[in-house]
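Q: Please take a close look at one part of this model. I want its packing described, with the cut-offs.

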Amino acid sequence: MMAPGLLLLAALSILPFAAVVAMSFSRVHLLGGLRLEAVGADNWSRLLDDPDMAWVWARTAGYFAVTVGTEMVLGTVLAVFLWRLRHGRNTALSLLLLPMFVAPVIVGLLGRFLTDSTFGLYAWLLEQAGYSGDVMADKTTAFAAVTLMDVWEWTPLVTLIALAGLTSVPASVLEAASLDGAGTLRTLRHIVLPSIAPVLLVALLIRSMDALRYFDIIWNTTGGGPADATKTASIRLYETAFRFFDFGYAAVTGLLMLAVTTVVARYFVRLLDRNGTPR
Amino acid sequence: MSPPVTARPPALPLGRRALLRGTAAAGALGFLSACGGRADAAFDADAEPWRRYAGTTLNFVSENTAPTAAIAADLRPFTELTGIRVTIVTLELSALAQRVALDLASGNGEYDVVYADPYMVLAPYAPAFADLRQFQDDPALPRLPGGFGDFIPTHLDAAGRFGEGADAEKILALPYDSPTMIWQYRADLFTKHRDRMADDLGFDPMPSDDTTWEQYYAIARWFNDKTDDVAYGTGHQAKQHDALMCDFSNVLWAYGGRYFQDDARVGRLGTTDPGGSLLRSPEAEAAAAFYQRLLAVADPGSRTWDWDGVGAGFRAGRFAMCPNWHEFAASNEQVLPGKVGYARLPKGPARSAGMYGGTGIAISEAVPRRRREAAWLFLVWATAPDTQRANLASEVGGGTPTRTSVYEMPEVVAAQERPSAMPNMLSARAVRDAWAEENIGLRPKIPMWNECDTALYTQLSRLVAGDTSPAGAMRAAADRIDRVVARGWVA
């Protein structure tokens with residue numbers, strides 16, 4: 001009875017993957033029906049003389065570090081605050097989780113409208129505060145803005161996961177620490193954080209996978225600009241495939257993204273194993 | 001004693017083999033139905049020509065533009081005339097290009113009528129569209145009122161043809177809209193400050209055929225420094241986007257710069273092999289240097305705006321003038337009634353140039369013959385003079401006629417003056433000047449233009465951000481364009 005499952009898996013994963021690999025060694029013709037023309041390793045060798053690809057990956061790494069780093073720290077801090085909240089925890093949690101339920105494309109559109117210098121609310125508030133520039137016109141502020149939009153949307157997920165870990169910290173251990181005279185910070189550092197480390201690694205794993213594919217918000221706000229300041233690997237992949245219709249090279253970019261994602265995922269899974277989390 | 005009961009897995013209502021066979025059959029059925037193409041149109045040979053395809057439903061995929069909005073709002077006359085229903089799918093331009101490309105790759109021919117943007121759709125997929133001359137020459141089919149000759153010649157070439165030799169004779173699309181970049185200015189402010197500006201600047205600031213880009217720059221600075229009526233003198237569409245290429249190209253051509261050696265032909269008829277890029281030329285470099293200077297005094301929001309953004313900024317009263325598509329005249333008139341003037345764009349050392357952004361509608365060659373004929377009826381109706389005139393007055397759209405005869409209609413001529421029931425016509429004189437052979441700005445019509453366009457506007461965005469010099473931007477853009485052209489069209 002494994003056969004239907006295997007067929008389904010093949011249809012959903014293995015066949016598309018094989019098709020993408022085949023495309024990466026081909027010139028893909030669309031006119032008159034899809035047709036692959038073998039070109040050897042041409043598409044792969046283009047990676048080496050593509051003047052923009054290295055910068056695209058450097059920028060992706062920057063986004064990855066800033067968004068995931070901020071979300072992990074902020075999410076954990078918020079979870080600790082919620083954990084220690086005696087009243088209204090459910091209400092606070094519900095409010096905090098709201099951004100997570102908004103589709104990323106809507107977050108991008110909201111961000112674009114709110115920061116628009118003609119009619120945007122945030123742009124107006126910044127102007128009242130003395131900022132005379134345009135958030136999306138400057139490379140640094142545009143980078144910061146799209147990063148903050150991602151942080152706004154996904155920090156609640158980290159908070160939720162971390163809170164689940166915090167609620168499972170044994171009360172007896174916390175009481176023992178308290179009796180031994182450990183203060184709040186010391187308890188957090190030596191008892192709470194080590195206890196929830198495996199859960200935080202799961203959050204890190206989930207967010208890392210997403211951050212590497214970060215697309216919707218950037219595409220709907222800056223489109224990769226200004227001056228390529230927000231052009232990440234996924235934006236480049238989209239352009240190559242669906243603006244230039246160069247599916248061979250897009251397949252190479254996609255496979256590269258898959259490889260990087262797999263390496264990052266494997267690294268975090270190993271860390272999980274080292275922490276003794278059963279799988 | 002009862003017989004021993006052996007443990008067996010619960011029986012399935014369906015056997016394993018039957019399940020596998022069923023799955024395979026369903027898959028094959030799905031595959032075949034996906035690859036089967038569409039049924040041909042209904043056809044009644046005894047009916048009169050306009051009614052022969054009654055009962056057919058056509059699919060029309062279009063960019064979400066004003067003419068399509070107007071047509072979609074009033075399809076009833078066409079359905080009453082022909083008995084054909086039309087389903088219109090409107091999309092943002094790049095989404096439209098994707099949908100058309102994937103439709104052509106699938107071979108299904110889902111769309112009978114296609115909004116064939118000359119650069120994103122027509123040039124890359126020219127062989128996928130029917131030569132419309134066959135329908136016009138077919139005595140069994142209704143003909144175009146006024147024939148192909150009633151369309152503005154540059155429009156018919158730029159939006160309707162692609163290729164060289166015999167291919168250039170084919171007509172693959174009928175001009176359907178004609179947005180063109182012109183100078184849009186706050187006439188009320190120019191009138192109010194005319195004398196002061198003339199004294200300060202040493203020339204009459206009112207836009208004319210003799211106004212230069214340097215004077216435009218001086219006017220922009222004057223508004224920045226000398227009045228509080230607006231925050232800035234000029235606004236631009238300088239987001240890292242196709243709009244930036246359009247905005248810059250006006251300056252490039254005015255300064256004598258060219259994309260390729262045979263720019264006029266490459267822009268008008270198109271080619272698959274345009275040769276090497278000429279963006280490294282001193283003229284292109286001078287244009288880039290001027291554009292950088294101009295953007296330095298423009299509204300800082302310019303770097304985040306495409307055409308919609310700059311249009312909204314202008315209507316919000318942020319700046320006194322901007323280059324933008326003439327289709328914005330209708331919305332300008334709604335918000336700033338009587339306050340906006342229109343003129344041809346300023347000239348540079350070489351000429352004045354206004355980017356033409358018109359598009360045609362084409363018939364997919366992938367659909368069966370009768371469907372193509374039914375689609376021809378829609379093309380004839382949608383581009384007919386009466387339909388174009390009705391679109392001009394539409395409350396939801398406001399069109400941009402592509403036929404000479406429409407511009408000669410008395411009510412259309414009258415609409416060029418205020419009060420106007422067809423506000424887009426307020427810009428008609430400026431637009432007609434921009435369409436003159438010596439003024440029209442046609443970007444290269446090559447299949448790989450999307451990638452070249454991206455290379456150029458990315459470098460321009462770097463230039464405007466101060467990341468690179470004018471020469472560096474032009475050189476980098478030319479290098480990338482040469483690489484793209486050398487690789488050829490991939491799809």
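A: B:Ile361 touches B:Val113, B:Val114, B:Tyr115, B:Ala116, B:Ala173, B:Leu174, B:Tyr176, B:Leu379 and B:Ala382, leaving out residues up to four places away in sequence. Contact means C-beta atoms, placed from the backbone, within 7 Å. The model is predicted: local features need pLDDT of at least 70, side-chain atom pairs count only at pLDDT 80 or more, and totals for chains, interfaces and linings use all residues. Residues are numbered from 1 along each chain as its sequence is written, while chains are lettered from A and ligands numbered from 1 in the order in which they are written.

B:Ile361 and B:Phe378 have the most contacts inside the largest nonpolar core, which has 199 residues. Such a core joins buried Ala, Val, Leu, Ile, Met, Phe, Trp, Tyr and Cys residues through C-beta atoms within 7 Å. Buried means 20 or more other C-beta atoms within 10 Å of the residue's own; exposed means 12 or fewer, and partly exposed lies in between. The core lies between domain 1 (49-178 + 358-408) and domain 2 (181-355 + 437-487) of chain B, because both give residues to it. Domain bounds come from an automatic or database domain assignment.

Now the helices, which are DSSP runs (H or I, at least four residues) numbered from the N terminus. In chain B, H20 (residues 449-464) and H21 (residues 470-487) pack at about 165°, with axes 9 Å apart. H20(B) is therefore roughly antiparallel to H21(B), a term for angles over 145 degrees. Among the contact residues are B:Leu456 and B:Leu460 of H20(B), and B:Ala477 and B:Ile481 of H21(B).

The contact between the chains takes 34 residues from chain B and 31 residues from chain A. H20(B) gives the most to the side of chain B that touches chain A, with six residues.

Note on methods. Contact = placed C-beta atoms within 7 Å. Axes fitted to C-alpha atoms, helices over the stretch in contact; angles between N-to-C directions. Helix = DSSP H or I, 4+ residues; strand = E, 2+ residues; numbered from the N terminus. Parallel < 35°, antiparallel > 145°, perpendicular 65-115°, else oblique.
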